[in-house]
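Please look at the structure on the screen while I go through its elements, its cores and its salt bridges.

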Amino acid sequence: PFKQENLSFDFFPEFYRFSLNSVQLFLSYIFFDVLFYRSVSGNAKGIYQNLQYGVDVMALLDKANTQAYGNPELTRVNIGTGSNPGILISGHDLKDIEDLLIQTEGTGIDVYTHGEMLPAHYYPQLKKYKHLVGNYGNAWWKQKEEFESFNGPVVFTTNCIVPPSPSAGYRNRVFTTNSTGFPGWKHIQAGADGHKDFSEVIALAKTCQPPREIETGEIIGGF
């Protein structure tokens, strides 16, 4: 029979560190342990290990991003708008914005980041695209106002979706990818090659007005 004293995170070999599998195994262990056997206060070692794995996961993410897109550079990011129609992309998935930048190059469509996608401007392999023209607006909780004034399509790659009001003008121009989704919004799946086809987003952008400018100037990041 299963006994709690036989279950210890110590049995995970050292080579599992920096492995996504080890993170999943650890989370399964710690939640099971707290739920069925011990209080959070009685599992100080598990809490410490949880914090360590948080650091490990961030190191994994940093390694993946810098190997693919280079080390972030000190960069001035435009917060105004241009005269071309635009696509606004929000969230954290740098692969999605790379796919979008490749597919919009030479189309006359500008790409803007929103919220947590701001750091895309700092990576050399992404900032080289001249039509990545700036960051539009503020944080995720300003969606209702800023998506309305942006005028063009919006792509969610991750991030918090604020349900639009029934009268929102942007309701029919929002797309989602990955784990995001909302009733009535088109969800874009990755193809067999791992890439996403944003042709429907681009076609819609060509019919839209340019973004309405809500601020001007620059912000500096990439430290």
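The protein has six helices and eight strands, where helices (H or I, at least four residues) and strands (E, at least two) are DSSP runs numbered from the N terminus. Along the sequence, the pattern reads α-α-β-β-α-β-α-β-α-β-β-β-α-β.

A word on conventions. This is a predicted model, in which local features need pLDDT of at least 70 and side-chain atom pairs count only at pLDDT 80 or more, while totals for chains, interfaces and linings use all residues. Residues are numbered from 1 along each chain as its sequence is written, and side-chain values use heavy atoms, with hydrogens and water left out.

I turn to the interior. Of the 223 residues in the protein, 41% are buried; buried means under 20% relative accessible area, exposed over 50%, and partly exposed in between, with a 1.4 Å probe and protein chains only. The largest nonpolar core has 22 residues, and Ile87, Leu94, Ile97 and Leu126 have the most contacts inside it. Such a core is a set of buried Ala, Val, Leu, Ile, Met, Phe, Trp, Tyr and Cys residues joined through side-chain atoms within 4.5 Å. Strand S2 (86-90), H3 and helix H6 (199-205) each give two or more residues to this core, and the largest share, four residues, comes from H3. A second, separate core of 11 residues includes Tyr112, Phe147, Ala168 and Trp185.

Which helix holds glutamate 98? Glutamate 98 lies in helix H3, residues 94-104, and is buried at a relative accessible area of 16%. Leaving aside residues up to four places away in sequence, glutamate 98 touches Tyr69 and Leu126, contact meaning heavy atoms within 4.5 Å.

Finally, the structure holds five salt bridges, each a side-chain nitrogen of Lys or Arg within 4 Å of a carboxyl oxygen of Asp or Glu. One of them joins lysine 127 and glutamate 73 at 3.2 Å, N to O. Lysine 127 lies in helix H4 (residues 124-127) and glutamate 73 in the loop between helix H2 (44-69) and strand S1 (75-78), so the pair ties together parts 54 residues apart in sequence.

Arginine 76 forms another with glutamate 218, the closest N and O atoms being 3.5 Å apart. Here arginine 76 in strand S1 is linked to glutamate 218 in strand S8 (residues 218-221), 142 residues apart. Arginine 76 is exposed at 58%, whereas glutamate 218 is partly exposed at 48%.
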